[in-house]
Amino acid sequence: MTATPPPTGPDAQPPRACCAPARTAAAPGDAGTGSLGGGSSGGSGAGACTGTGTGSRTSAAAAPYGGWRQLAGGPFLRGCADSPYPADGEGPVRQERLAPFGIAATAVSNAEFAHFARETGHRSDAERFGWSFVFEGFLPDGFPPTRAAVGTPWWRQVFGADWAHPEGPGSDVHGRADHPVVHVSYEDALAYCAWAGARLPSEAEWEYAARGGLAGMPYPWGREREPDGAYRMNIWRGSFPGRNTAADGYRGTCPVDAFPPNGYGLFNTTGNVWEWCADRFGGAAADPGDIRQSDPRRALRGGSYLCHESYCLRYRTSARMGNTPDSSSGNTGFRVAR
Ligand SMILES: [Ca+2]
C-alpha cells in the first residue's frame, strides 16, 4: 500500500481507449459470445438522444443527497502537464476563471434517481435499447452467454441491465439506495437535471470543485494516493481485471458519501463512478474549437471503482474520458450543479 504518483515519461502507461464502452451504432444481433464493435471513440448510436421522457418536477425540489456546496469560483489552474495519456487532452496546464456556482456534494444516488423515475416515468437509454454494459466479474456463475465490447472484453452486453438492475435481470438496488446511480447515459443525466432544476457541471467547474482548493495535485486530498497508508477512494485494488481484493472496502460501488470529503466538502470526485459533464470531449483538443465542437462524445471525469494503475490511471482530478451521449455502463453516473 504505497503512495503512487502518476507515472510520466518512459514509465508512462500507453494510452488506453476505453474506461467505459460506447454503445455501438449497429443494433445488437444475437446474444452469443462474440464481440461488439465499439470503444469510446465511435459515433452516436442509431436513434440516440430521443425519447428521454423528460418530465417536469411535480413536487418540491429536494436538495441533493449530500446538499449543495456553493463555491466562489475565480481563477484556477486546470489540467496537468505530465498526463500519462496525452491523447486525452488533460494538458497543458492553463488558468481558467469561473463564476460562482453550486455543485452537489455527492453523485446522484439510486434513491434520488428512483424518485425521479417514479415521478416522471423516465425511460432510460439502457431501458430503451434493452441492454447496458456490465463488468463480467459481477455476473453470477451460469449467466447466459453475453457479447463483449471490442478491446475491453470484461465489459459484457447484458440485456435487461439498467439503473434498477445493475447486474442484469434478477439484480436490484436493494441495500444500495445511497450508492451512485449507474447505467445512466448523458441524456438520462440531462433529463434528471431538467426535473431537478439543476444542470450538469462544466468540466472546468467539475475539476475546480474536485481539486478542493488544492493547486496542481493529482488527488482531491493532495499528492499521495494513500496518505499515511489510508485508502481515500474506491478504485480497483489487486490486479486488473482478474483479481479484485476490495482492500478499500468495496468491490463495486460504494455509498456516495463514503470516504472523507475534499476541502470543498465534495465526496468521491475520484473513484467510485465516472461522472458526466456538460462539455463535449474533443480528445486532445480540450480547448473549445471546431474539433471539440464536432465531437459527439461528452466528457466524463473522475474515474471509477474499476480503475487500476496498471490499466487506467484516470482516478485523478485532471483525468478525462469521453463517451457517446446514449452510452451507459455499470461504472458511470453523474452529479448535478446549479
Ligand atoms: Ca474498490
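What follows is a walk through this structure, from the overall chain down to single residues.

This is a predicted model, in which local features need pLDDT of at least 70, side-chain atom pairs count only at pLDDT 80 or more, and totals for chains, interfaces and linings use all residues. Residues are numbered from 1 along each chain as its sequence is written.

Let's start with confidence. pLDDT is the predictor's confidence in each residue, from 0 to 100. The chain averages 86 on that scale, and 81% of the residues score at least 70. Two stretches are another matter: pLDDT stays under 50 over residues 1-17, and it also stays under 50 over residues 25-33. The model has 31 contacts beyond four places in sequence for residues 1-17 and 18 such contacts for residues 25-33. A contact here means that two residues have their C-beta atoms, placed from the backbone, within 7 Å. Where pLDDT is low, the predicted coordinates should not be read in detail.

Now the chain as a whole. It has 5 helices and 14 strands; these are DSSP runs numbered from the N terminus, with helices being H or I of at least four residues and strands being E of at least two. Of the 338 residues, 50% count as buried. A residue is buried if 20 or more other C-beta atoms lie within 10 Å of its own, exposed if 12 or fewer, and partly exposed in between, with C-beta atoms placed from the backbone. Among contacts with a separation of 6 or more, 75% are between residues 24 or more positions apart.

The buried set includes Tyr186, Ala189, Tyr192 and Trp195. What do the buried residues of H3 pack against? Their neighbours are helix H1 (110-120), helix H2 (125-129), S11 and S12. Just after the helix, Gly197 takes a positive phi of about 70°.

Tyr192 touches Val108, Phe113 and Phe116, leaving aside residues up to four places away in sequence.

Tyr186 also lies in H3, and it is buried, with 26 other C-beta atoms within 10 Å. Leaving aside residues up to four places away in sequence, Tyr186 touches Trp276, Arg298 and Pro325. Tyr186 and Cys277 are 91 residues apart in sequence, yet 8.2 Å apart in space, C-alpha to C-alpha.

Arg298 takes us to a sheet. Its bridge partner in S13 is Asn323, and 4 bridges join strand S12 (residues 298-301) to S13, with the two running antiparallel. Strands count as paired if DSSP finds at least two bridges between them. The open sheet has 4 strands in the order S13-S12-S11-S14, with mixed pairing. Strand S13 (320-323) and strand S14 (332-333) stand at the edges with a single partner strand each, so one side of each has no neighbour in the sheet.

For a contrast, look at Arg97 in strand S4 (residues 94-98). Is Arg97 buried or exposed? It is exposed, with 10 other C-beta atoms within 10 Å. Its contacts, not counting residues up to four places away in sequence, are Gly74 and Pro75. Arg97 and Ala204 are 107 residues apart in sequence and 8.7 Å apart in space, C-alpha to C-alpha.

Most residues other than glycine have a negative phi, and most peptide bonds are trans. A cis bond joins Gly91 and Pro92, with omega about -5°; Pro92 lies in the loop between strand S3 (74-78) and S4. Another cis bond joins Phe240 and Pro241, with omega about 0°, and Pro241 sits in the loop between strand S9 (238-239) and strand S10 (243-244). Phe259 has a positive phi of about 65°, as does Asn272. Phe259 is found in the loop between S10 and strand S11 (274-280), and Asn272 is in the loop between S10 and S11. Phe259 is buried, with 22 C-beta neighbours inside 10 Å, and Asn272 is buried with 32 other C-beta atoms within 10 Å.
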